[in-house]
Amino acid sequence: MQLLDGVPLDELIGQLAELESKGLGQDPIQQAFETRVARQETKNRENSLTGDEALDQEVYELRESDIVGESSKPKRSIRYGTEHWRRIADIGVQVADALQYAHSRGVMHRDIKPSNLILGSDSRVWVTDFGLAVTPQQERLSCSGDVVGTLRYLSPEQLHGESDRRSDVYGLGLTLYELMTMRPAFQDESRGALIRKVSNSLPPTPRSLCREIPKDLETVILKAIAKSPESRYKSAAEFSADLRRFRDDQPIRARRIGPVERLCRWSRRNPAIAGMSLVLMIGAVVSFTAVSWNWRQ
């Protein structure tokens, strides 16, 4: 197979989180990429050394750290620049375009997540691991209720054994969410709790975790990870187009949902709780009206 010289996005996200606590440069993603590659090369070199060679290498690195001292450590962490968010959008554009090509050939990936996306040394992003990919014909032949993919990145409909192109859009949206915030949309918990979260709960908004994230980019990502497939982008091409508009500093098509629509969507996801709440609210209004009428009398 073709050798991909690059770093998976999950490793890049971990490196970004580590660098953020120490200090970031002007291009955090490139800095994290180069740091991760350098560490891998050092690890490979250490694995190739044996005996006295390894000891000499350890002593050399110790002496080098003594010479460099504290001067090599970043003095402070700087704020993210506009180019950082555009770089994230560009990564999303590349993956969405690749997914659109696969979808146009009748192939759904069904397992889009950071570890299956590799950022190359030429800044090109590769979509890998089509082990769970299917065509629409194969999807219809799947057993009802089959759940495939990584639980944390599954769309709600995939938990019921259903998926389509918008499920891949959802997986990419969660990946970009994690790249922006440097934390998963749904944290590790027990399998049951994670399933409930994926099915019914919304993750924290990206800007609640990092105020520097542009509002337009947050809006695009929130649309991509909407619980209902009908509320997401209809295709990877539409998702790519809005990410490209943000990257190119143009108005995006996605719009934020208002409080009423948010309440309606919550009610559809939680019909039992919504129905009980409505009954209690009507009862409270009737009781208040009756008490007020008696007080007036």
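This is a predicted model: local features need pLDDT of at least 70, side-chain atom pairs count only at pLDDT 80 or more; totals for chains, interfaces and linings use all residues.
Helices, taken as DSSP runs of at least four residues, are numbered from the N terminus. The chain as a whole comes to twelve helices and three strands.

Although Q26 and Y80 are 54 residues apart along the chain, their C-alpha atoms are separated by 7.7 Å. Across the chain, contacts between residues at least 6 apart in sequence can also be considered: 66% of them join residues at least 24 apart.

Of the 297 residues in the chain, buried residues make up 38%.

The next topic is the aromatic rings. A pair of aromatic rings is described by the distance of the centres and the angle of the planes. The count of such pairs here comes to two. In one of them, the rings of Y80 and W85 have centres 5.3 Å apart and planes at 55°. Planes under 30 degrees apart count as stacked and those over 60 as edge-to-face, with the rest as tilted; the pair of Y80 and W85 is therefore tilted. W85 is buried, at 3% relative accessibility.

In the other pair, formed by Y233 and F239, the ring centres are 5.3 Å apart and the planes stand at 20°, so this pair is stacked. Both partners are buried: Y233 has a relative accessible area of 3%, and F239 has one of 0%. The ring of Y233 has a further neighbour, for the charged end of K223 sits over this ring, 5.3 Å from its centre.

The final topic is the empty space inside the model. Rolling a probe the size of a water molecule over the atoms shows where empty space is left. A search of the whole structure finds two cavities of 30 Å³ or more, and the largest cavity holds about 50 Å³ of space. Its lining includes R110, D111 and I112, together with G149, T150, Y153, L154 and Q158, and also S167, D168 and G171. Sorted by class, the lining of the largest cavity has three nonpolar, five polar and three charged residues.

Technical notes: Residues are numbered from 1 along each chain as its sequence is written. Side-chain values use heavy atoms; hydrogens and water are left out. On a 1 Å grid over the protein atoms alone, a cavity is a set of points where a 1.4 Å probe fits but cannot get out, and a pocket is an open set with protein on both sides within 12 Å along at least five of seven lines; lining residues have an atom within 4 Å of a point. Grid points are joined across faces, edges and corners, and a volume is the space filled by probe spheres set on the points. Ala, Val, Leu, Ile, Met, Phe, Trp, Tyr, Cys and Pro count as nonpolar, Asp, Glu, Lys and Arg as charged, and the others, Gly among them, as polar. Rings of Phe, Tyr and Trp (its six-membered ring) pair if their centres lie within 6.5 Å; planes under 30 degrees apart count as stacked, over 60 as edge-to-face and the rest as tilted. Buried means under 20% relative accessible area, exposed over 50%, partly exposed in between (1.4 Å probe, protein chains only). A charge sits over a ring if NZ of Lys or CZ of Arg is within 6 Å of the ring centre and within 35 degrees of the ring normal. Helices (H or I, at least four residues) and strands (E, at least two) are DSSP runs, numbered from the N terminus. Contact means heavy atoms within 4.5 Å.
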